[in-house]
Amino acid sequence: MRLAKYLARAGIASRRRAEILISEGRVTVNGSIADKPQLKVGENDMIAVDGKIIEGPEKKVYLLLNKPQGYISTVHDTHDRPTVADLVRDTGARIYPVGRLDADTSGVLLLTNDGKLAHRLMHPRFEVEKVYKAWIEGLPQKKSLDLMRRGLVIEGKKTVPASIKLLKTESENNTALLEITLVEGRKRQVKNMCAAVGHPVRALRRESFAGLKAGRLKKGDYRHLDQQEIKNLYHQVGLQI
Ligand code: URA
């Protein structure tokens, strides 16, 4: 990245003002005065203005966590409960979860410090797909599943159409397994939808978020997304990388 752009990105000054600082000989790169705004610098260079070292723009981090039950999806908890941040401590970046999973819900959770992407992934306008598996109480009739598919009113607002598949029934345990695909992300949405048709959720897991799946990730483990996965996320929400 060009030195002037680097300084601007780091919030030191506008691009124009940064060029002036450079031409005035007030900027050093690795200890030497750098008087050319177009000089290329990278994250390993030590850059200073008037002798004060500048922190570069924070590197973007994208993590996929296979969240176990028992962790809340916030970074800090005032009641000292375990949080997802406890599972991804060593990343060196100020990341936060994209949306929420309830403490007793397991499954994939994306964490990032890319605010623009996170905002769009959570925004209903972009209809990002979330796939859940829910063990529910009772054996649902087609009528109930159709109601969930079409949308039902929860807290005064109709849910948008969802895909619902009945994967399994276990009459001996009075339970059924549903696969539920949502393009909204309202609070406790799956639990509220199932409860609204008389089938409370016994266990809930998110299988996929925006096409990202846990794959071989064990519960409690996370991995960094690769470039292609990041690109896919950007494309899904109409951003260029
Ligand atoms: N819907 C819920 O009810 N809970 C979750 O954690 C996610 C979706």
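What covers the buried residues of α6? The cover includes β5 (62–67), β7 (105–112), α3 (115–122), β14 (212–213) and β15 (222–224). Cover here rests on contact, meaning heavy atoms within 4.5 Å.

## Ground rules

This is a predicted model: local features need pLDDT of at least 70, side-chain atom pairs count only at pLDDT 80 or more, and totals for chains, interfaces and linings use all residues. Residues are numbered from 1 along each chain as its sequence is written, and side-chain values use heavy atoms, with hydrogens and water left out.

Helices (H or I, at least four residues) and strands (E, at least two) are DSSP runs, numbered from the N terminus.

## Helix α6

Helix α6 spans residues 227–236. Its residues E229, I230, L233 and Y234 are buried, that is, under 20% relative accessible area with a 1.4 Å probe, protein chains only. They lie on the same side of α6, because they cover an arc of only 140° around the axis. That arc is taken from the directions from the helix axis to the C-beta atoms.

Now the ends. D226 caps the N-terminal end: a side-chain oxygen lies 3.1 Å from the backbone nitrogen of Q228. Just after α6, G238 takes a positive phi of about 70°.

## Strand β7

Strand β7 is mostly covered, with 8 of its 8 residues buried. It has several partners; strands pair if DSSP finds at least two bridges between them.

β5 and β7 run antiparallel, joined by 6 bridges. Here L65 stands opposite L109 of β7. β6 (residues 96–97) also pairs with β7 in the antiparallel sense, over 2 bridges. Y96 has T112 in β7 as its bridge partner. With β13 (residues 201–209), the pairing is parallel, over 3 bridges. G107 meets its bridge partner R206 in β13.

Terms used. Buried < 20%, exposed > 50% of the residue type's maximum accessible area, 1.4 Å probe, protein only. Polar contact = N/O pair within 3.5 Å; in protein donor to acceptor, adjacent residues only side chain to side chain.
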